[in-house]
Amino acid sequence: MKIPLLDLSLQAAPIEAELQAAIQRVVRSTGFVGGPEIPSFERAFAEYCGTSFAIGCGNGTDALEMSLRAVGVGKGDRVITVSHTFIATVEAIVNVGAEPVLVDVNPQTLVMDLVAVRAALKAYANVRAIIAVHLYGNMVPMDDLVTIAREHGCAVIEDAAQAHGARYRERRAGAWGELATFSFFPGKNLGAFGDAGAIITSDETLQQHVAKQRDHGRREKYTHDSFGRNSRLDPLQAAILSVKLPHLEGWNVARRKVAGRYAELLPSSLTRVAATPGCEPVFHQYVVQHERRDELRQALAEAGIDAGVHYPLPVHQQPAWNNEGLPALSLPVTEAAAKRVLSLPIFPELTTAQLEHIADTLKAALQS
Ligand SMILES: *Cc1c(COP(=O)(O)O)cnc(C)c1O
């Protein structure tokens, strides 16, 4: 039995006719940049997330960079975020000319530790923004983070690339900060057929700033208010995302069911990543921790099961960090997690037989 980490063919199959129709609509319109597919998806996505606006763009990394620029982050500023994330979060900070201040994560939930955020705000001046990363589909406790940020006059940006549809208390991921960013990379909970991304916000000034940035600072066809960039959402991707969005909630429910089955089947010696109290996670990844992570991954591979590691090398230990001249850091929880985390296959269509095979393989490996 071969089990991939993620099987996208199973997701596309039941909606293939709708997807083909959407693609055909764009092909026949010959509108391959701009056009009605984009605002139509943007409206639906903003409504789903519970914000006033969504602005489609090229990918989640550009979304982060444009969000930082929209709240005025640049040279001489500092931005707090975590090292236990995909590199893009930190890359965006460096690429706008600001300095990343990386803090440790909570050992139970593996998302940003708010005690560490408070300490960083004491230790560093000129912190203009905090990027909260909702890793694995779990969320940072946003009410407390927003309170801390208000006290210090800094903006909150949510990196929700792994948390489409997650909820913390009464609001979804992305509806807490000044702005939030999403990636629709194919493997995310809501994925396009290529690169795509979005920013959401309820602030009209920020919406306009970002909408201009993604399209060359354009006011009219050849009138430009600023030097922006080209990071537009493709209408083809917008059409595909519009077909998929109504299914997202159901897919997330199915992911939570799979996670629930894992919790029943897996041996207790595998430490699970806890959900933040008050959060309804969407399990972009299902992550366990163990000292013998590499051995377990090997045993799974031998049984035909694909597992992942998110992420094996924290950002502050990447060659890029050192090459950029950034200071050496010690983040013990992050560093321990990088050695222990193991992402098990998770997707809405994972069957009970597959789950049992994965659990049995892990049990056998742990006993050997
Ligand atoms: C995927 C991801 C990104 C980057 O998104 P792209 O669309 O690939 O640029 C940023 N942050 C996190 C946490 C991600 O998982």
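Predicted model: local features only at pLDDT ≥ 70, side-chain atom pairs only at ≥ 80, totals over all residues.
1. A search of the whole structure turns up one cavity of 30 Å³ or more. Here a cavity is a set of points, on a 1 Å grid over the protein atoms alone, where a 1.4 Å probe fits but cannot get out.

2. Residues are numbered from 1 along each chain as its sequence is written, and side-chain values use heavy atoms, with hydrogens and water left out.

3. Back to the largest cavity: its lining (residues with an atom within 4 Å of a point) is made up of L6, D7, L8, Q11, G187, K188, R255, F347, P348 and E349. By class that gives four nonpolar, two polar and four charged residues. Ala, Val, Leu, Ile, Met, Phe, Trp, Tyr, Cys and Pro count as nonpolar, Asp, Glu, Lys and Arg as charged, and the others, Gly among them, as polar.

4. The largest pocket comes to about 520 Å³; a pocket is an open set with protein on both sides within 12 Å along at least five of seven lines. Among its 27 lining residues, Q162, F185, K188, H284 and Y311 are the closest to the centre. The lining splits into eleven nonpolar, twelve polar and four charged. Helix α4 (60-70) gives the largest share, three residues. Helices (H or I, at least four residues) and strands (E, at least two) are DSSP runs, numbered from the N terminus.

5. Now for α3, residues 37-49. Its buried residues (under 20% relative accessible area, 1.4 Å probe, protein chains only) are E37, I38, F41, E42, F45, A46, Y48 and C49. Seen down the axis of α3, they fall within an arc of 160 degrees (taken from the directions from the helix axis to the C-beta atoms), so they line one face of the helix. R43 and E47, on the other side, are exposed, meaning over 50%.

6. Last, N230, in the loop between β11 (223-224) and α9. N230 is partly exposed at 46% relative accessible area, partly exposed being between the two cut-offs above. Leaving out residues up to four places away in sequence, N230 touches R214 and H216, with contact meaning heavy atoms within 4.5 Å.

Conventions. Points joined across faces, edges and corners; volume = space filled by probe spheres on them.
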